[in-house]
Amino acid sequence: MIRQCVHDALDRIQSSFPRIEDLETLLGLCDPDEIRYLHATSSSVRNDFCQERVALRALIEISSFCHNSCLYCGLNRYNRKASRYTMTEEELLQCVESAVKQGIRTVVLQSGEDGTATESISQIIALIKRTFPIAVTLSLGERSYDDYHAWKLAGADRYLLRIESTDEILYRNLHTDRTLSSRLDCLEHLRTLGYQVGSGIMVGVPGQSITTIAHDIQFFCEKQFDMIGIGPFIPHPQTPLAESPPGDLLLTLNTIAVTRIATKYPWMPATTALGSLNRDYRIEGLKAGANVIMPNFTSHHYKAQYAIYPNKQSKTESRKRLEQLATRVGLSIDYGRCDSLLPG
Ligand code: SAH
C-alpha cells in the first residue's frame, strides 16, 4: 500500500521545482513497499531521460598528498599515519592505457589538494588527450580560476567537485579551513569555463539531517549539474570523526532516488563508498537510479595508500564482471564517452 501523500509528493517533484516538505517525505520513507515504489520510479525516470545504460569512468588516484584538513577525510594533513605518494607521469599513463584497453572512454584523475604545479597537470592532460581518444575528468579540489582555465585549455573536459553540504554551518564544521562561498565560486568558475560539472554530497556526516539533504537536492536542481555523486559517509579511524557512525544505507539510496527523480538527467555513480560498506551495495545504487560505475585503475601499489576512508573497494574488475553488474539490473554498458545529457 502506497500512501496518497507519497504519490502526491512524487508527482510534484517530477513536475515542478521540489518543495522541501516533499523531499523530506520521500527521503524519510522506510516502509518496504514505499521504498520499492520510490526506487522503481527513479529507475524509470533514469531509463526515460538517460536510457537503459551504465557509463564507465576509470578512477585514477594520482596523489595522496593534501594540505587540507577536511574532518571526514583520511588524507587530511593532520593524519601523520597516512602514506603519501604522487604518481609519475609514466605510471599515470600506464593506468590510462589499461583503462583504454578495457574499452573505457573516460578517466577521472583524483587527488588530495596537494598544490601540484598548474603546468604539470596541464602537461599530463595534454599528453593523455594526444595519446588517447578519451574524455578527461578532473577531481583535484579547489583551485584558482586561472588553474581551471589552464587545464580546460590543455584539454580537460569535466570536473568533479562535491558541494559536501549547502548548509553554511555544517560546511564550516566539516572544513575548518574552507568556506562554502569559495566552493560555490569554484563551481561557478568551472561552469563559466565550459567544463561539464559534477557535484554531490556524502550522506550521514555528523550534523546533517533530512532537511539539510533536502536543501542540497534543491541546490542540485537549481544548478543543473551534469553529474551528481552521492555516497555514504564512512568514518576513518585517523580523523576527528573516527567515532561517528557510518552513513545509513537506506537514506543514501533514498537520496540517490529522490535526486534522480528531481534532477532527471545527471550521470550519477553507484559510488565506490557504496561498494565499500559491509558488502558491495553498488547494485542497490543502480536500482535506486544511478547510472555510472567507476572501476579503480590506480596502480595496485598505490591503491591502498589512497585511503580517504577505510576498506575502500578498489580491486580490479574485469569487463565481464562490470557487464554482469549492469545486466543484473537490466541495464547495458555504454562504452562511449557518455557526455552530459542535459538539454541545451
Ligand atoms: N580532494 C578532492 C577529492 C576528494 S575525494 C576534492 O576535495 O574534491 C572525493 C570525495 O570523497 C569527496 O568529495 C568526499 O565527498 C568523499 N569522501 C571523503 N572522505 C570520505 C569518507 N570518509 N567517507 C565517504 N566519502 C568520503
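Me: Helices are DSSP runs of H or I with at least four residues, strands are runs of E with at least two, and both are numbered from the N terminus. This is a predicted model, where local features need pLDDT of at least 70 and side-chain atom pairs count only at pLDDT 80 or more, while totals for chains, interfaces and linings use all residues. Residues are numbered from 1 along each chain as its sequence is written, and side-chain values use heavy atoms, with hydrogens and water left out. Which element gives the most to the lining of the largest pocket?

Reply: A pocket is an open set of points on a 1 Å grid over the protein atoms alone, with protein on both sides within 12 Å along at least five of seven lines; a cavity is a set where a 1.4 Å probe fits but cannot get out, and lining residues have an atom within 4 Å of a point. The largest pocket holds about 240 Å³ of space, and of its 18 lining residues Cys221, Gln224, Ala262, Thr263 and Tyr265 are the closest to its centre. Two or more residues each come from α1 (4-15), α9 (210-223) and α10 (249-263). With three residues, the top contributor is α1.

Me: How many charged residues are in the lining of that largest pocket?

Reply: Ala, Val, Leu, Ile, Met, Phe, Trp, Tyr, Cys and Pro count as nonpolar, Asp, Glu, Lys and Arg as charged, and the others, Gly among them, as polar. The lining has twelve nonpolar and five polar residues, and the charged count is one.

Me: α9 and α10 also touch each other. Are they roughly parallel or antiparallel?

Reply: Axes are lines fitted to C-alpha atoms, for helices over the stretch in contact, with angles from 0 to 180 degrees between N-to-C directions. Angles under 35 degrees count as roughly parallel, over 145 as roughly antiparallel, 65 to 115 as roughly perpendicular and the rest as oblique. The two axes come within 10 Å and cross at roughly 30°. So α9 and α10 are roughly parallel.

Me: Which residues of α10 make the contact with α9?

Reply: Contact means heavy atoms within 4.5 Å. On the α9 side you've got Ile210, Ile213, Ile217, Phe220 and Cys221, and they meet Leu251, Thr255, Val258, Thr259, Ala262 and Thr263.

Me: Over to the second largest pocket: which element provides the largest share of its lining?

Reply: About 200 Å³ of space lies in this one, and of the 15 residues lining it, Ser98, Phe297, Thr298, Ser299 and His300 are the closest to its centre. The largest share, four residues, comes from α4.

Me: α4 has a helix partner too. At what angle do the axes of α4 and α5 cross?

Reply: In their contact, Glu89, Leu92, Leu93 and Val96 of α4 meet Gln123, Ile124, Leu127 and Ile128 of α5. That set divides into six nonpolar, one polar and one charged. The axes of α4 and helix α5 (residues 118-131) come within 11 Å, and the crossing angle is roughly 35°.

Note on methods
Grid points are joined across faces, edges and corners, and a volume is the space filled by probe spheres set on the points.
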